[in-house]
Amino acid sequence: MLGNLRNGLAMLLVCFFVTGCGFHLKQASYLPEDLRALQLTGDDQKSALFEQLKYELQRSQVKVNEGDSINHSSAAPELHLYKDSLSRQTLSLFSNGQVAQYELAYVVSYRLTRPNQAPYEQSFELYRNYQDDPNNSLAKSKELEIILSEMRKLATKRIIRELSQL
């Protein structure tokens with residue numbers, strides 16, 4: 001009985017300290033007011049990264065207008081997504097000389113153009129290790145798809161986080 005009371009009191013004190021210090025769980029990134037409506041363009045507007053970015057922007061309550069950069073109003077900021085690329089480098093080999101592990105490098109670049117301001121260009125790389133198994137090539141190709149999908153999600157969240165800090 002006394003042990004339960006101590007545990008309950010300890011938990012209550014922890015809750016008071018955590019709320020008292022101003023700690024809050026991270027919410028969705030909030031973009032500046034002038035970025036609440038964007039013209040979204042890209043080198044490849046049918047790519048999975050472009051679609052993922054559009055979805056994440058809409059989740060962040062941004063009004064997204066798609067189209068090419070020629071037909072948009074100069075009053076709206078333009079977010080242009082350059083073509084993404086994936087490269088892989090061999091990290092290790094099996095004893096028979098086949099590749100055992102790759103390092104995947106996913107490169108993403110974008111440009112934000114605001115009216116009466118210099119364009120903001122950013123590029124970053126995400127890395128992930130991938131173990132290959134020639135005997136299970138079908139399963140490994142599905143795993144590679146999942147890893148690439150996760151890297152796209154990370155990339156779009158990073159773009160939105162970087163835009164929220166402008």
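Guide: From the N terminus on, the elements run α-β-α-β-β-β-β-β-α. That comes to three helices and six strands. Helices (H or I, at least four residues) and strands (E, at least two) are DSSP runs, numbered from the N terminus. This is a predicted model, in which local features need pLDDT of at least 70 and side-chain atom pairs count only at pLDDT 80 or more, while totals for chains, interfaces and linings use all residues. Residues are numbered from 1 along each chain as its sequence is written, and side-chain values use heavy atoms, with hydrogens and water left out.

Now the salt bridges. Side chains of opposite charge can pair when their charged atoms come close. The criterion is a side-chain nitrogen of Lys or Arg within 4 Å of a carboxyl oxygen of Asp or Glu. A search of the whole structure finds eight such bridges. Three of them follow, one by one.

Take Arg111 and Glu78. Their side chains meet in a salt bridge at 3.9 Å, N to O. Arg111 sits in strand β5 and Glu78 in strand β3 (residues 78–81), so the pair ties together parts that are 33 residues apart in sequence. Both Arg111 and Glu78 are buried. Buried means under 20% relative accessible area, exposed means over 50%, and partly exposed is in between (1.4 Å probe, protein chains only). Across the chain, buried residues make up 31% of the 166 residues.

Next, Glu150 and Arg128. This salt bridge has an N to O distance of 3.0 Å. It links distant parts of the chain: Glu150 belongs to helix α3 (residues 137–164), Arg128 to strand β6, and they are 22 residues apart. Glu150 counts as partly exposed because its relative accessibility is 37%. Arg128 is partly exposed too, at 25%.

Strand β6 also holds Tyr127. Its relative accessible area is 48%, so Tyr127 is partly exposed.

Glu162 forms a salt bridge with Arg158, and the closest N and O atoms are 3.0 Å apart. The two are four residues apart in helix α3, so about one helical turn separates them. Glu162 is buried because its relative accessible area is 12%. Arg158, at 25%, is partly exposed.

Two loop residues deserve a glance as well. Most residues other than glycine have a negative phi. Gln61 is not a glycine, yet its phi is positive, about 65°. Gln61 is in the loop between α2 (48–59) and β2 (63–66). With a relative accessible area of 61%, Gln61 is exposed. Asn116 also has a positive phi, about 60°, without being a glycine. Its loop runs between β5 (99–113) and β6 (120–131). At 83% relative accessibility, Asn116 counts as exposed.

Helix α1 (residues 2–20) contains Leu13. Leu13 counts as partly exposed because its relative accessibility is 43%.
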